[in-house]
Amino acid sequence: MAAYTLLQLVEVAIASLVMLVGVLEGWQAVALLGGGFLIGKAILNILSPEGGSVYRRSAIGYGVAAVFVLGGAIIARFAG
């Protein structure tokens, strides 16, 4: 297994644990953060066939994830 693949698997495991803790403890912001990391990682990998550097794909993926997390936090704040 390549080092980059192992690193991605570890990142996904950590983000999943963060989201799971947020869900189980009822901490909306923590669950959103874990979900945001997973969304960012997914977009980074979805853009892989398009080419471009890892930095560019990371900026796009985690930028979209940041919008998701911030939007979710705002909605959670005013919804309950």
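Visitor: How much accessible surface does the protein chain have, and what share of that surface belongs to carbon and sulfur atoms?
Guide: This is a predicted model, in which local features need pLDDT of at least 70 and side-chain atom pairs count only at pLDDT 80 or more, while totals for chains, interfaces and linings use all residues. Residues are numbered from 1 along each chain as its sequence is written, and side-chain values use heavy atoms, with hydrogens and water left out. By the Shrake-Rupley method with a 1.4 Å probe, where for residues only the protein chains shown count as cover, the accessible surface of the protein chain is about 5,400 Å², and the share belonging to carbon and sulfur atoms is 75%.

Visitor: Which elements make up the protein chain, and in what order do they run?
Guide: Helices (H or I, at least four residues) and strands (E, at least two) are taken as DSSP runs and numbered from the N terminus. On that basis the protein chain has three helices and zero strands, and its C-alpha trace spans about 40 × 25 × 15 Å along the principal axes. Read from the N terminus, the order is α-α-α.

Visitor: What does helix α3 reach from its first C-alpha to its last?
Guide: Helix α3 covers residues 54-79, which makes 26 residues.

Visitor: Against which helix do the buried residues of α3 pack?
Guide: Buried means under 20% relative accessible area, exposed means over 50%, and partly exposed lies in between (1.4 Å probe, protein chains only). The buried residues of α3 are R57, S58, G61, A65, V69, G72 and A76. Their packing partner is α2 (28-46).

Visitor: Why does S58 count as buried, and with which residues is S58 in contact?
Guide: S58, a residue of helix α3, counts as buried because its relative accessibility is 18%. With contact taken as heavy atoms within 4.5 Å, and leaving aside neighbours within four places in sequence, the residues in contact with S58 are L44 and G63.

Visitor: Which side chains meet in a salt bridge?
Guide: A salt bridge requires a side-chain nitrogen of Lys or Arg within 4 Å of a carboxyl oxygen of Asp or Glu, and the structure holds one. K41 counts as buried because its relative accessibility is 8%, whereas E11 counts as partly exposed because its value is 33%. The N to O distance is 2.3 Å, and the side chains that meet are those of K41 and E11.

Visitor: With which residues is M19 in contact?
Guide: M19 is found in helix α1 and counts as partly exposed because its relative accessible area is 31%. Leaving aside neighbours within four places in sequence, the contacts of M19 are V30, A31, G34, G35 and L38.

Visitor: Which residues make the nonpolar surface patch?
Guide: Patches are made of residues with over 30% relative accessible area and no salt bridge, with like charges joined within 9 Å and nonpolar side chains (Val, Leu, Ile, Met, Phe, Trp, Tyr) within 5 Å. L6 in helix α1 (residues 3-25) counts as partly exposed because its relative accessibility is 47%. The patch has an area of about 530 Å², and its residues are M1, L6, L9, V10 and I14.

Terms used. The expected span of a helix is 1.5 Å times one less than its number of residues.
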